[in-house]
Amino acid sequence: MYPSAYLDYLIYFHVERDYFECHEVLEEYWKEHDPKNRTSHWVGLIQIAVGLYHHRRGNLNGASRMYDKAIKILAKNKASLSELGLDGTELVRRLVHQKDLATSTNGAFADIDLPFKKDDVLISCQKRCQKLGINWNLQKKIKNEDIIHKHILRDRSDVISERARQLALKKNQK
């Protein structure tokens, strides 16, 4: 009923608190299904993950900007969020609170849970976890530095090679 990429997003979000992977998996799905729609609920969900990733790392300006963008998009997409089993009104409220944390004097970070409105999305997540060999348990804090600083620590050689290839193609076209 729900796209696998969305369920994977929810698993990365709630079980592993790996916001970088949340962004990666859902961005790939969005690019395949609705890439020109920059106000899609998918974009809003991606922005939540990016905001949380920045916030946890202490990039409070980046986090605040992402929260603002996500709030604007998701406030307009509450019906789509409902179809995904989420409570859009509560989600926007939680994001406003998260933005307040990011813009407060100490920039305190706290993980959030997405507010589920339908039990079937939870059941679907549990089944997907079972299939992947993961336990669906909602952890509250992650202190794993590999997850917190994932974009810095990951192997990007394939991305760098592709960028160089694209640059060479552009130069040859001129």
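S4 counts as partly exposed, because its relative accessibility is 41% (buried means under 20% relative accessible area, exposed over 50%, and partly exposed in between, with a 1.4 Å probe and protein chains only). You'll find S4 in helix α1; helices here are DSSP runs of H or I with at least four residues, strands are runs of E with at least two, and both are numbered from the N terminus. S4 and L26 sit 22 residues apart in sequence, and their C-alpha atoms are 9.7 Å apart in space.

Keep in mind that this is a predicted model: local features need pLDDT of at least 70, side-chain atom pairs count only at pLDDT 80 or more, and totals for chains, interfaces and linings use all residues. Residues are numbered from 1 along each chain as its sequence is written, and side-chain values use heavy atoms, with hydrogens and water left out.

**Aromatic rings**

- A pair of aromatic rings is described by the distance of the centres and the angle of the planes.
- Here, rings of Phe, Tyr and Trp (its six-membered ring) pair if their centres lie within 6.5 Å; planes under 30 degrees apart count as stacked, over 60 as edge-to-face, and the rest as tilted.
- That rule gives six aromatic pairs.
- One of them is Y2 with Y6, a tilted pair with 6.0 Å from centre to centre and 50° between the planes.
- Y2 and Y6 are both buried.
- Another is F13 with Y19: the ring centres are 5.3 Å apart and the planes meet at 70°, so this pair is edge-to-face.
- F13 counts as buried because its relative accessibility is 0%, and Y19 is buried at 0% too.
- Ring pairs also link up into a cluster made of Y2, Y6, Y29 and W42.

**Salt bridges**

- A salt bridge needs a side-chain nitrogen of Lys or Arg within 4 Å of a carboxyl oxygen of Asp or Glu, and the count comes to six.
- R128 and D8 make one of these, at 2.7 Å from N to O.
- R128 belongs to helix α7 (residues 119–132) and D8 to helix α1 (residues 4–16), so their bridge ties together parts that are 120 residues apart in sequence.
- Which side of the cut-off do these two fall on, buried or exposed? R128 is buried, with a relative accessible area of 16%, and D8 is buried at 15%.
- R56 and D111 form another salt bridge, at 4.0 Å from N to O.
- Since R56 lies in helix α3 (residues 41–57) and D111 in the loop between α6 (88–103) and α7, this pair ties together parts 55 residues apart in sequence.
- R56 is buried, with a relative accessible area of 13%.
- R94 and E90 meet in a salt bridge at 2.9 Å, N to O.
- These two are separated by about one helical turn, because R94 and E90 are four residues apart in helix α6.
- R94 counts as partly exposed because its relative accessibility is 24%.
- Shared partners join E90, R93 and R94 into one salt-bridge network.

**A closer look at S64**

- S64 is part of helix α4 (residues 60–75).
- What is the relative accessible area of S64? The value is 12%, so S64 is buried.
- Leave aside the neighbours within four places in sequence, and S64 is in contact with K99 and T103 (contact means heavy atoms within 4.5 Å).
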